[in-house]
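Work through the exercises below with the sequence and the model open. Try each task before reading its solution.

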Amino acid sequence: MAEPTLPIIEIRNVTKTFQLQGQTIHALKDASLSIRKGEFVTLIGASGCGKSTLLRIIAGFEKPSEGEALMWGKPISEPEPQRGMVFQDYALFPWLSVRDNIAFGPTSRGVPKAQARDTVERFVDMVGLGRFADAYPHQLSGGMRQRVAIARVLANDAEVVLMDEPFGALDAMTRERLQEELLDIWARTNLTVVFVTHAIEEAIFLADRVVVMTPGPGRIESDNPMALARPRDIASPEFNDIRRALSGKLHSHHGKKAA
Amino acid sequence: MALADTPQQRLADMRAPSPWLARLKPIGLALIVPGLLLIFWHVATARRWTRLIPTPYETAEYMVDFVFGGIYNDAFSATAHIHLLASMSRVYGGFGLAMLAALPLGLLIGRIPLARLTLDPFFQLMRPIPVTAWLPLSMILFGLGARSAFALVFLGAFFPILLNTIFGVKNVDPKLFEAASMLGCKGNAQFFRVVLPAALPSIFTGLRLGLGLAWFVIVVGEMTGVPQGLGAVIMDGRTLSRTELVICGMIIIGVAGFISDRIVVAIGNRLLRWSPNHHG
Ligand SMILES: Nc1ncnc2c1ncn2[C@@H]1O[C@H](COP(=O)(O)OP(=O)(O)OP(=O)(O)O)[C@@H](O)[C@H]1O
Ligand SMILES: [Mg+2]
């Protein structure tokens, strides 16, 4: 019998150090985390606690200094289409139209033209950009750009979507819309999402599990399953209780540091 | 847009700024300074402030003769096209050759550290030498004549193209490489799908500067004893004390350089529609 509980992503005792002007910076220290297929995990923590570093290790952009990062039990050695990244500043190809940005992955992987075209149209529609399919990124709003970035990894058959503060640069209303759309897409597909954010509410609203990280050196402080039923109501008392508890975990650390 | 047919229509056209007017406005504004200069030129020559320069009218007459002939019927009548073509062939020939050499070199130096370490210091050392300083050496190497002019144009166009290509290739946003590699585009494939398109605005700036410099240098290049070419015409005009010839040569170079720049800009605007900050 195959292992039934093999996690899609597993981080085992990962430490990551950077050399910066002769100093050794512990961006991550002994972090362990395992994520099952279909889970929506948010990473939250103060600035500099290693959230982006952890995400970039999962993506394959960085290698752990110690420990290992696995996908389906195999070491992650380089960026791959199964793990799509959505950057905070979009990182769209400015010379490609919305449609061609979304087609970039499939055509790079040599997907047959006709099939690629169908896929692209499907995801252009999924993120509601039909009218803007021929526009260039600089002609779009921030929210629209981020939709393209999401469609771009989905059209490329990503199993895991890694998002580094994807909605951080957007206004509150656009942010809420995109959160709901993202949950909608996630519920309809079999995606696994790892989502970095600064905002506690966003983390609770989206996640099956909220992972709290603390800085200096970057550690995983706690892993908090969210039992709240979806769709979640930010104004409900239950939501508030969780927010208060998480907020305590985030800030307790600052107290310790100051002492 | 059709002209107004009814009085009402005509009235409306007068009030609302018509698209015609909107289009003519920049042209009108652009003509103010040349117009003033022309008036000044006219006044200065008509009042005999200087006797060394012909009036605008005489110059215009001479220009007609230079282009079409039939007025003075001297050695220069109806020869403008010959000189223009001679200069253009050197400008575009030298520019084309510079492009063929500078583009691959620029891509190489910008992308491959070994190439950068070997070639970049050399080019940085050569770059500050003004093109005109090469004139004597190029006359020694290539002799008096067209080849020397060609060589100077090549040198003039080479450096702007090279430097801007290097700059464009080196300054690709690193995020775009990460985006490409997580989408499955890796290694050498990134060169055509990421580096080249990302560097295109810079490369275009280089081509535009290079072509401008080619027109700039051609006059100097053609002063080295070539029989034909606008630079040669200007030099001949000076030796023969025919100032109108000098001015006609200058005007033709100016106009030809301007048109050639507009063409490059038009191509650039079309190819770089996607770029928010590239509109020449
Ligand atoms: N390439 C690098 N070189 C040197 N130090 C780095 C590098 N990348 C990250 N670091 C350091 O590692 C630490 C963690 O950085 P990281 O970007 O992961 O934090 P973060 O939690 O994402 O912060 P933020 O919320 O501000 O984005 C920081 O102290 C940072 O200076
Ligand atoms: Mg970060």
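This is a predicted model: local features need pLDDT of at least 70, side-chain atom pairs count only at pLDDT 80 or more; totals for chains, interfaces and linings use all residues.

Residues are numbered from 1 along each chain as its sequence is written, chains are lettered from A and ligands numbered from 1 in the order in which they are written, and side-chain values use heavy atoms, with hydrogens and water left out.

**Exercise 1. Describe the extent of the interface between chain A and chain B.**

Step 1. Count the residues in contact, meaning heavy atoms within 4.5 Å. Chain A contributes 26 residues and chain B contributes 19.

Step 2. Find the buried area, which is the accessible area (1.4 Å probe) that two parts lose on being put together, summed over both. Between chain A and chain B this is about 2000 Å², with 66% given by carbon and sulfur atoms.

Step 3. Find the residues of chain A that lose the most area to chain B. They are A:Trp95, A:Phe104 and A:His138, which together give 31% of what that side buries.

**Exercise 2. List the polar features of the same interface and the elements of chain A behind it.**

Step 1. Count salt bridges (a side-chain nitrogen of Lys or Arg within 4 Å of a carboxyl oxygen of Asp or Glu). There are three between chain A and chain B. One of them is formed by A:Arg56 and B:Glu178, whose closest N and O atoms are 2.7 Å apart.

Step 2. Assign elements, taking helices (H or I, at least four residues) and strands (E, at least two) as DSSP runs numbered from the N terminus. On the chain A side, β6 (83-86), α2 (98-108) and α4 (142-154) each give two or more residues. The most come from α2(A), with four residues.

**Exercise 3. Which residues and elements surround ligand 1?**

Step 1. Collect the residues with a heavy atom within 4 Å of the ligand. There are 13, and the closest are A:Ser47, A:Gly48, A:Lys51, A:Ser52 and A:Thr53.

Step 2. Check distances from oxygen atoms of ligand 1. A side-chain N or O atom of A:Ser47 is at 2.5 Å, one of A:His198 is at 3.1 Å, and a backbone N or O atom of A:Cys49 is at 3.2 Å.

Step 3. Find the elements that give two or more residues to the shell: β1 (9-20), β2 (23-35) and α1 (51-59) of chain A. Among these, α1(A) gives the most, with three residues.

**Exercise 4. Locate two cis peptide bonds in chain A.**

Step 1. A:Gly216 and A:Pro217 are joined by a cis bond with omega about -10°. A:Pro217 lies in the loop between β9 (209-214) and β10 (219-225).

Step 2. The bond from A:Arg230 to A:Pro231 is also cis, with omega near -5°. A:Pro231 sits in the loop between β10 and α7 (237-258).

Definitions and conventions: A polar contact is a pair of N or O atoms within 3.5 Å; within protein, one must be able to donate a hydrogen and the other to accept it, and residues adjacent in sequence count only if both atoms are side-chain atoms.
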